Amino acid sequence: MAYSDKVVDHYENPRNVGTLDKSSSEVGTGLVGAPECGDVMRLQIKVNPETQVIEDAKFKTFGCGSAIASSSLATEWVKGKTVSEALQISNTDIVKELALPPVKIHCSVLAEDAIRAAIGDWKKKNNVAETEAVAVAAH
Ligand code: FES
């Protein structure tokens, strides 16, 4: 199957690969897996405690090209957004941006889940009362 140019670009030059300090209270970590294929994605965010703006984001993905591209794009998109803005990123935005074919949609879902899980983790650590993200991260 042919990947779109944008997928190839992110796959060949992934943005924001790496790790943030998990023990910091400003860092939220989301670790999610896709039951369809066994691919795994870890996405971390560093949130400014005053403004709730995501100042940094890193990922590590063990998965297909679309999963790597989706997580790379997700880290680019969350940076500079507030936590609540980042929660509005949906996998359909990723599908559109990367022109993913139907069989690769679950790869983008993985990225959306990873963002939500990372935010959920950060909220839990900081006792930010909010239900949605935490609930999503829990399953
Ligand atoms: Fe499963 Fe892409 S094939 S994440």
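**View 1. Ile 45 and its partner across the strands.** In this predicted model, Ile 45 has Ala 57 in S3 as its bridge partner. Strands here are DSSP runs of E at least two residues long, helices are runs of H or I with at least four, and both are numbered from the N terminus. S2 and S3 pair up antiparallel, with eight bridges between them; two strands count as paired if DSSP finds at least two bridges.

View 2. What order do the three strands of the open sheet take? It's S1-S2-S3, with antiparallel pairing. Strand S1 (27–33) and strand S3 (54–62) are the edge strands, each pairing on one side only. From one strand to the next, the twist averages 15 degrees. Seven bridges tie S1 to strand S2 (residues 40–47), again antiparallel, and Thr 29 finds its bridge partner in Gln 44 of S2. In general, strands of a sheet pair through backbone hydrogen bonds.

**View 3. Helices packed on the sheet.** Helix H2 (residues 65–78) packs on the sheet and touches S2 and S3, its direction making about 175 degrees with that of S3. Helix H5 (residues 105–125) lies across S1 and S2 and runs at about 140 degrees to S1. Angles go from 0 to 180 degrees between N-to-C directions, and axes are lines fitted to C-alpha atoms, for helices over the stretch in contact. Residues are in contact if their C-beta atoms, placed from the backbone, lie within 7 Å.

**View 4. Where H2 meets H5.** The two helix axes come within 8 Å and cross at roughly 35 degrees. On the H2 side, look for Ser 66, Ala 67, Ser 70, Ser 71, Ala 74 and Val 78; on the H5 side, Cys 107, Ser 108, Leu 110, Ala 111, Ala 114 and Ile 115.

View 5. The model scores ipTM 0.97 and pTM 0.90. Residue numbers start from 1 along each chain as its sequence is written. Since this is a predicted model, local features need pLDDT of at least 70 and side-chain atom pairs count only at pLDDT 80 or more, while totals for chains, interfaces and linings use all residues.

Note on methods. Contact = placed C-beta atoms within 7 Å.
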